[in-house]
Amino acid sequence: MTAPRLEIDLEKIFHNAATLIGRLGDRGISVTGVTKATLGLADVANVLIQAGVTGLGDSRIENIEAMRRNGVTSKMTLIRSPMISQVRQVVAHADVSFNTEVDVIRKLSLAAQESQVTHGVVLMLELGDLREGIMPVDFMSVVRKTLRYPNIRLVGVGGNLACRSGVSPDDKNMSELSAMAESIEAEFDISLDLVSGGNSANLKWALGGGEPGRINNLRLGEAILLGCEPLHRQPIEGLHTDAITLIAEVIESKTKPSVPWGEIAETAFGAVSRDDFSSNPETNCQSQTILAIGHQDTDPAGLEMNDGVTLLGASSDHLVLETGRFVLRPGSEMRMSPNYSALLRSMTSPFVHQVCKPRRQPVFGPARL
Ligand SMILES: *Cc1c(COP(=O)(O)O)cnc(C)c1O
């Protein structure tokens with residue numbers, strides 16, 4: 001089979017999505033399925049829809065366009081503030097976008113008038129993680145301006161945490177977001193459809209038994225695809241953590257000394273030190289295996305391998321492993337489990353193929369568990 005490749009088990013992704021949708025639904029919280037880690041792969045998008053997401057979100061308009069081209073019909077939200085250079089594409093292909101800049105919203109309004117569509121806007125509130133978001137003191141004035149732009153509809157407010165600074169969602173920052181939604185409704189006499197609390201990092205808070213307040217939506221990617229929560233990278237109970245596997249092919253397998261010889265300078269990817277090489281005092285030799293995959297195809301540090309296999313090093317196109325007692329012949333394959341960073345890079349590499357394992361029985365309509 002073609003290698004390297006990502007094997008994507010759609011049944012497991014369906015299970016993960018439907019399970020989280022069920023648990024959050026009990027708390028009055030809907031799920032937007034985030035497709036950016038799979039570059040808007042239509043097979044995955046369709047499974048999320050079958051599982052019952054209320055819409056799809058992606059940070060790149062190109063991925064949203066790809067889903068549209070491949071026949072994915074669902075409400076689509078651009079979850080990164082649009083580039084002004086892309087506002088035409090945004091209003092043409094996304095129903096809603098997340099926004100923090102009045103200048104961008106004005107351009108979206110002009111583009112929406114030109115195309116005779118209405119574009120939905122979610123305003124993002126800065127809650128302390130210091131990535132995107134309008135500062136609380138400026139929020140009301142941005143709302144006031146947004147409400148005046150033609151062909152723009154204020155759909156709601158949102159927050160995003162744990163992405164830049166690792167700030168965790170908690171009762172305090174989530175109630176700030178709820179309170180902002182309520183102040184806007186009172187001040188402008190409108191009602192907001194969406195109060196989107198955050199990403200997979202919000203699950204611990206959202207399912208922790210606290211009061212959801214006005215939060216009625218989360219945007220989930222990693223938790224659905226990898227079955228893990230991103231704050232401490234712990235598996236989520238009842239979810240599959242092996243829905244996605246990265247497979248690479250062995251191109252060299254030899255017994256080699258464990259310590260290099262010659263003068264040591266920098267490698268292709270930075271400095272090494274003598275301490276990076278441990279030698280087996282008995283033989284000074286080890287089973288060294290090379291896989292045909294490297295930094296250009298994945299994040300080598302983000303791969304979990306079988307017990308007894310150790311990552312020795314990686315360059316652009318080679319992954320060098322110590323395989324202990326296992327001898328892997330050239331042409332054989334090794335399966336690895338990617339974390340979010342490794343998955344993202346593998347999906348983005350044109351050298352890594354994607355093979356979707358179909359669901360056992362396609363279920364159409366609302367998810368059944
Ligand atoms: C990526 C992203 C998400 C989804 O994050 P996961 O950790 O994959 O759940 C949600 N919201 C925004 C704004 C994002 O950029």
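How do the residues of the shell around the ligand divide into nonpolar, polar and charged? The shell holds four nonpolar, four polar and five charged residues. Here Ala, Val, Leu, Ile, Met, Phe, Trp, Tyr, Cys and Pro count as nonpolar, Asp, Glu, Lys and Arg as charged, and the others, Gly among them, as polar.

## Basis

The model is predicted: local features need pLDDT of at least 70 and side-chain atom pairs pLDDT 80 or more, while totals for chains, interfaces and linings use all residues. Residues are numbered from 1 along each chain as its sequence is written, and side-chain values use heavy atoms, with hydrogens and water left out.

## Ligand site

The ligand is surrounded by 13 residues, each with a heavy atom within 4 Å of it. Lys 36, Ser 200, Arg 219, Gly 221 and Glu 222 are the closest.

Polar contacts are pairs of N or O atoms within 3.5 Å. An oxygen atom of the ligand is 2.8 Å from a backbone N or O atom of Glu 222. For Arg 219, a polar side-chain atom lies 2.9 Å from a ligand nitrogen atom. A side-chain N or O atom of Asn 160 is 3.5 Å from a nitrogen atom of the ligand. The ligand taken alone exposes 390 Å², of which the protein buries 94% (Shrake-Rupley method, 1.4 Å probe).

## Cysteines

There are zero disulfides in the structure, a disulfide being a pair of cysteine sulfur atoms within 2.5 Å. For Cys 163, the nearest cysteine sulfur is that of Cys 228, 16 Å away. Cys 163 is partly exposed, at 41% relative accessible area (buried is under 20%, exposed over 50%, partly exposed in between; 1.4 Å probe, protein chains only).

Cys 356 is also in no disulfide, and the nearest cysteine sulfur, that of Cys 228, is 20 Å away. The relative accessible area of Cys 356 is 21%, which is partly exposed.

Terms used. Polar contact = N/O pair within 3.5 Å; in protein donor to acceptor, adjacent residues only side chain to side chain.
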